[in-house]
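Please open the model in your viewer and keep the selection panel at hand. The tour below goes from one selection to the next and says what is there.

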Amino acid sequence: MMSHWIIAPVVLPAILAPLIVLVMRNDLTLQRIFGLAGTVALGAIAAALLIAASHNPPEAYLLGNWPAPFGIVLVLDRLSAMMLMLTAILALGVQLYVISTDWDARGRHFHALFLFQLMGLNGAFLTGDAFNLFVFFEVLLIASYGLMIHGAGKDRLRAGVQYIGFNLVASTLFLFALATVYAVTGTLNMADIAVKVAALPEGDAALIRAAAVLMLSVFAIKGALVPLQFWLPGTYANAPGPVAALFAIMTKVGAYAILRSSTLFFTPDSPAIGSMIGDLMLPAALVTLAIGAVGVLGATTLQRLAAFAGIASMGTIFTAFSAFTPAATSAALYYLIHSTLATAALFLIADLVTDRRGSARLDARPRIAQQGLIAGLFFVGAIALAGMPPLSGFIGKLLVLDAMRGDAPLIWTVVLLSSLLLILGFARAGSVLFWKSHATGEAPEPGHASEPLAFISVGALLAALVALTIFAGPVKDWLDLTATALHQPAGYIAANQLPWVN
Amino acid sequence: MTLALIAALPFLGALLPGLLIRAGRTACATVTGSVTALALALLALQAPAVLRGEVVQTRIEWLPSLGLNANFMLDGLGLLFAGLILGIGLLIILYARFYLSKSDPMGVFYTYLMLFQGAMVGIVLSDNILLLLIFWELTSLSSFLLIGYWKHLPEGRQGARMALAVTGSGGLAMIAGMLILGNIAGSYDLSVILTQKVVIQASGWYLPALILILLGAFTKSAQFPFHFWLPHAMAAPTPVSAYLHSATMVKAGIFLMARMWPVLAGTPEWFWIVTSAGLITMVIGAKIAFFKDDLKALLAFSTVSHLGLITMLLGLGTAKAATVAIFHIINHATFKAALFMSAGIVDHEAHTRDLRRLGGLRHLMPVTFTIAGIAALSMAGIPPFNGFLSKEMMLEEAAHTALGPDWLLPVLATIGALFSVAYSFRFLAHGFLGPVRDDYPHKPHDPGFGLWAAPALLATLVVIIGLAPMASAAWLVDAAASAVTGTAQEVHIKHWHGLYSPALWMSIAAVGGGFAMLAAFPRLRAMWDGTPRPEAKAIFDAIVEPLAAGARALTQALHNGSLTRAIAIATIAITATALWAFNSGTHSPGTREMLAITPVTAIAWGLLMFATLGVALIHRNRLLSLILIGIIGLIISLGFAWLSAPDLALTQITVEVVTVVFMLLALNFLPKETPRESSPVRRIRDAVIAIGAGAGIAGLAYAIMTRNFAFPSISAYHLEQSKPGAGGTNAVNTIIVDFRGYDTFGEIIVLGIAALLIYALAEALLKPGPANDALRAMAATRTGLAGDRHPLLMVMATRFILPVAMMIGVFIFLRGHNLPGGGFVAGLVFAIATVMQYMASGLGWTEARQRIDHHALIGAGVLTAAAAGVGSWLFGAPFLASSYTYVHLWPLEEFELATAAIFDLGVFLCVLGAVLLALNSLSRLARRAGETVSADPYSVDRPEGGN
């Protein structure tokens with residue numbers, strides 16, 4: 001009996017969101033209740049799927065009951081379950097924050113768009129079909145665009161045009177890539193593509209290599225890999241704070257898709273692809289890390305600082321991906337979980353600060369309401385993102401360094417020097433924001449709504465990092481198994497029950 | 001578990017003061033002190049075993065796959081350091097209670113202090129170098145908070161950042177070093193690494209590891225050339241300086257060298273690097289200290305100097321020197337903490353620490369003078385205090401070691417000692433001796449017991465160790481030295497080494513020279529002031545500030561928000577990479593036969609090219625380009641029809657109609673011409689990029705279209721199963737609603753969201769604000785409008801067309817499953833029929849007759865499609881599984897009922913709702929922009945004044 005739960009992370013928001021549009025569009029309280037209930041339910045479903053995926057081999061869900069590769073399949077494996085869980089945790093934190101700070105009252109349809117966004121994310125993580133991945137990329141692109149320009153405003157709309165414009169280029173490219181893959185392999189099912197690419201006639205190698213570059217470029221755009229990262233700082237810095245926090249997972253969709261495609265069908269094992277992807281990814285990843293770190297040091301606003309910290313973390317993840325070893329992949333996944341939560345927390349903190357200072361600029365201003373508490377949160381968030389101990393960022397960095405021993409001199413140098421820039425950048429920012437205000441001698445700003453729920457949600461994200469640190473051992477063991485399964489995709493392929501694979 | 005608890009207690013205790021400050025300052029301090037005392041007591045309980053030579057261990061698995069575990073060990077070295085950290089920590093807590101003023105947030109202070117204490121205890125108890133790294137970096141972080149505690153002082157903020165930058169970067173280097181070390185030794189556990197001396201020193205990676213680890217140690221312990229941060233960290237409150245810079249933080253580097261001594265020391269590399277760094281630091285630090293006027297700065301550089309001394313001793317690589325180093329660590333901690341606290345008392349009472357403004361305090365502050373006097377004499381190495389003992393032993397060691405020429409090391413050591421005497425005496429002479437002045441910023445007197453209790457205790461220790469070293473300290477030195485060297489050590493400390501001991505004469509020279517220097521101070525000072533010398537802070541700023549400015553400039557220049565540039569870079573990068581990837585693989589050209597070029601196709605192709613080029617060339621004229629885009633759309637529709645894809649043709653043509661209407665509405669709000677924004681050079685550049693990428697895509701398309709699938713494609717299955725499996729003969733439709741219905745489900749949601757977005761954006765624009773004002777202003781500027789906005793003929797015609805169009809829509813919907821058509825096209829046809837009403841009769845008229853809200857249509861559409869999908873669960877089938885049957889209903893012919901039709905209905909509703917909502921939103925903008933509408937039936941509204 002096939003479990004319908006696999007598709008629940010897509011269907012639930014796909015029903016709840018239109019319901020909100022249909023009957024609750026004029027009542028914010030109802031939207032909040034149902035939106036939050038939806039996110040909580042998604043969390044519960046994700047947890048159940050995570051447990052199932054931990055104990056069972058990958059499982060396919062045949063949509064429309066059509067056998068693979070002719071219909072669309074969803075595949076639940078450890079990686080997709082992990083991404084679902086991560087999304088749900090992040091979403092819950094962000095949504096609580098939004099409700100507490102009334103961000104959802106600044107424009108229309110926030111909760112519907114939010115749920116659609118989750119649907120897009122979940123769909124992208126679950127699908128086992130290359131074209132369907134495109135469809136869900138579209139869902140999350142349009143929903144994220146809606147969230148990004150939520151509340152409007154000149155700068156935000158301008159940045160929104162950049163975001164949608166650049167990503168539409170990516171969408172077009174995705175279609176080119178899909179067309180090429182289909183023209184060569186005659187299939188869209190990822191597992192089937194894997195089978196076909198592995199057995200590809202030699203004369204088709206050039207085309208599939210070009211297709212791989214095109215497709216991975218699309219994912220790299222999502223994942224902000226240099227030189228395709230230019231859209232990110234403006235977008236994230238101008239998006240509403242909590243939306244930018246949710247976007248912490250958006251770059252990870254790119255990372256996920258790169259990992260999935262390059263371990264399943266564009267693998268280094270296939271003669272046509274060979275070491276091409278790793279060779280291309282490593283230098284780009286190292287530059288990404290460096291650019292992100294430089295950006296943190298040179299950021300002019302807190303939001304941009306957070307955005308560049310996010311870019312730097314993507315650089316770290318891609319650096320580890322490029323090794324294509326289970327150890328490095330496992331390290332990258334650990335770092336991925338960490339950086340998603342940490343980046344999100346920092347964006348929320350940035351929003352708390354900006355909301356109280358009335359400006360995002362990193363300059364000296366009078367003290368703000370709840371300064372001590374916010375400064376404390378910033379300190380913890382900065383430690384996390386700079387990869388300082390004792391939080392998971394440090395452990396993640398150690399894991400990556402340890403796993404990348406092979407190329408130690410270059411990679412270690414870049415990673416450690418970037419860490420230094422990050423430390424300097426965060427120290428400068430924190431010192432200007434929270435210390436210099438004591439020197440202005442002006443009275444603190446008048447009171448601000450205390451918004452306890454907002455602080456709880458930020459605290460919860462940071463607490464998740466603490467948990468990730470304390471339970472690093474079991475988490476890493478789990479990720480080791482996940483990474484091993486990724487690099488041995490036979491189980492994933494078997495779940496599809498392709499007619500020509502026994 | 002005890003060791004883990006000792007390390008954890010300060011961290012747990014860090015939570016308390018922040019809370020308990022609400023119960024009062026004394027309660028806060030008491031609780032903080034109790035936690036430290038508890039940890040100290042636990043440590044004392046372990047002491048007997050350690051002194052017997054055992055190594056106490058606690059092992060907790062944390063991240064075993066990496067080799068990072070919470071393993072702790074306590075040996076003699078750990079006991080010594082942990083004792084110093086907790087013991088002096090306790091005194092600092094007491095001292096700080098009375099030192100901090102009422103306006104200083106004491107709870108925060110103690111919280112930071114405890115965090116720091118925990119990190120330090122963690123370092124010295126770690127049995128795992130990765131764990132040690134964690135604590136190591138934690139000390140950098142917590143000291144950052146402590147040094148910057150007085151947030152309002154710029155020196156505090158800068159000093160904190162400098163300390164973090166220097167020690168933090170050293171820590172990063174150390175990460176690399178430790179990872180290399182662990183790799184060589186095969187374990188990250190110290191207890192294992194310490195047994196691997198031969199392997200480690202034989203490894204080719206020994207030198208990199210050594211240098212990287214020493215970078216960590218030297219930065220932390222402020223060794224030359226990293227000594228500059230320490231004095232700037234003196235902006236911290238004095239209790240912090242006393243703690244960090246006497247007993248703890250700066251000793252962490254020393255601890256590390258001592259800890260690693262068994263495996264790293266003993267090589268020429270170690271000897272040369274460590275000894276010379278130590279020696280240079282000792283001399284330079286002492287020299288600078290002598291000329292500093294600020295009491296704390298003087299003490300800070302003297303600390304630098306003494307740390308250099310200890311480093312040098314460790315660098316010598318002999319067990320005896322290491323033992324002396326250990327002894328000096330103890331002595332330095334006692335007298336230096338006492339001195340810092342005394343300096344703090346002076347500052348607290350006289351409100352200045354400037355030696356030029358002090359003097360004569362001997363009479364005003366006798367207690368403080370006694371304490372400071374004992375400690376300073378010890379620092380100078382005057383008998384019988386403890387500083388004398390270890391200094392003699394140091395000189396003894398120096399006298400027997402050659403660094404380059406034989407005389408060099410002894411001479412330099414003597415010079416260091418000489419300076420040491422000089423600044424110690426200056427501290428006393430210029431601070432406490434001399435006549436009482438009447439121009440102190442604040443009339444000083446001895447503080448209350450609370451403030452001088454801690455330094456007094458330390459001064460007592462200075463005397464006791466000085467008088468009875470064997471009884472009071474030797475056992476601890478033995479235990480620690482044995483742990484450092486790995487062999488049992490027994491130290492013999494004595495005051496008198498005999499007349500033939502070179503140390504005696506070196507010492508006498510040092511004391512004599514020191515006195516002479518002090519006597520000559522004014523002249524030396526003038527010389528010193530006259531010599532230019534590099535100012536550490538200036539150099540540091542000269543590095544860091546441009547770095548930050550450069551980072552800002554680079555970041556701003558790279559990420560300036562230019563979309564065109566971003567896309568240009570992406571296009572170049574992706575095209576080049578794809579081309580490279582293609583060229584580095586084998587390519588066999590396709591073998592498909594080409595179709596013949598007929599005149600019709602040639603004309604269509606020519607039109608397509610013409611229109612496409614036209615758009616690129618005249619894109620600044622928006623209306624004209626829109627028309628050309630319409631031509632492109634039409635040709636593509638024709639192309640689909642010609643290539644036997646009627647479904648696609650039908651969809652394309654309806655989409656084209658709707659798109660053009662949309663664009664026309666949007667053009668309403670845009671200037672007729674786009675301003676010229678790029679220079680000719682830039683346009684040429686862009687043209688080259690675009691043509692290059694376009695050529696690449698064309699080549700790709702050509703390659704794709706001229707070749708056959710490498711493997712049988714899945715489409716054969718779709719064609720074969722369309723009727724028997726999905727119940728429809730139109731494979732395109734069955735793919736859309738059945739085989740790949742899930743894709744369609746996603747796409748209608750995309751469409752629905754897009755419409756919601758347009759609505760939300762329009763709402764935002766309609767709110768009062770600048771954008772709204774701009775819209776309103778547009779109305780006034782409009783000229784050249786047609787007088788008759790709703791021509792009667794068109795109004796009448798569209799109203800007749802409406803039911804006909806809807807019939808066609810229903811027809812297209814129903815036949816969809818078997819013949820070209822379907823819900824998507826039907827939705828568009830319905831939408832077009834409605835749009836015609838908008839265009840002909842105006843928004844108000846149409847809206848007044850519209851009973852179903854567009855939002856509801858979208859919602860209902862998605863829900864219907866979802867229901868069709870979820871419904872199959874009831875039959876135990878997966879989402880979107882379809883079923884069909886044939887029904888015979890008189891008088892109709894037999895017809896098919898398929899669940900896919902329900903899904904298609906959802907598609908239909910969603911498409912209709914989405915298109916209408918989007919159009920409606922744009923129309924509402926038009927209305928806001930000043931258009932008038934009438935909602936009367938059959939009436940025709942006119943623009944104002946356009947009679």
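How many residues of chain A are in contact with chain B, and how many of chain B with chain A? Select both sides and you will have 127 residues of chain A and 115 residues of chain B, where contact means heavy atoms within 4.5 Å. Before going further, note that this is a predicted model, in which local features need pLDDT of at least 70 and side-chain atom pairs count only at pLDDT 80 or more, while totals for chains, interfaces and linings use all residues. Residues are numbered from 1 along each chain as its sequence is written, chains are lettered from A and ligands numbered from 1 in the order in which they are written, and side-chain values use heavy atoms, with hydrogens and water left out.

**The interface**

The size of an interface is often given as the accessible area lost when the parts come together. Here the area buried between chain A and chain B is about 10,500 Å², with 76% of it coming from carbon and sulfur atoms; buried area is the accessible area (1.4 Å probe) that two parts lose on being put together, summed over both.

For a salt bridge between the chains, select R707(B) and D204(A), whose side chains meet at 2.2 Å, N to O.

**Salt bridges within the chains**

Over all chains, the structure holds 29 salt bridges. In chain A, select D480(A) and K476(A), whose closest N and O atoms are 2.9 Å apart in a salt bridge. Both lie in helix α19 (residues 472-487), four residues apart, about one turn of the helix; helices (H or I, at least four residues) and strands (E, at least two) are DSSP runs, numbered from the N terminus. D480(A) is partly exposed at 21% relative accessible area, whereas K476(A) is buried at 6%, where buried means under 20%, exposed over 50% and partly exposed in between (1.4 Å probe, protein chains only).

Move to chain B and select D189(B) with R59(B), a salt bridge with its closest N and O atoms 2.6 Å apart. D189(B) lies in the loop between α6 (154-185) and α7 (190-193) and R59(B) in strand β1 (residues 56-63), so the pair ties together parts that are 130 residues apart in sequence. D189(B) is buried, with a relative accessible area of 10%, while R59(B) is partly exposed at 46%.

Next, select R525(B) and D293(B), which form a salt bridge at 2.7 Å, N to O. This pair links distant parts of the chain, 232 residues apart, with R525(B) in helix α24 (residues 521-530) and D293(B) in the loop between α13 (268-291) and α14 (295-316).

Definitions and conventions:
Salt bridge = Lys/Arg side-chain N within 4 Å of Asp/Glu carboxyl O.
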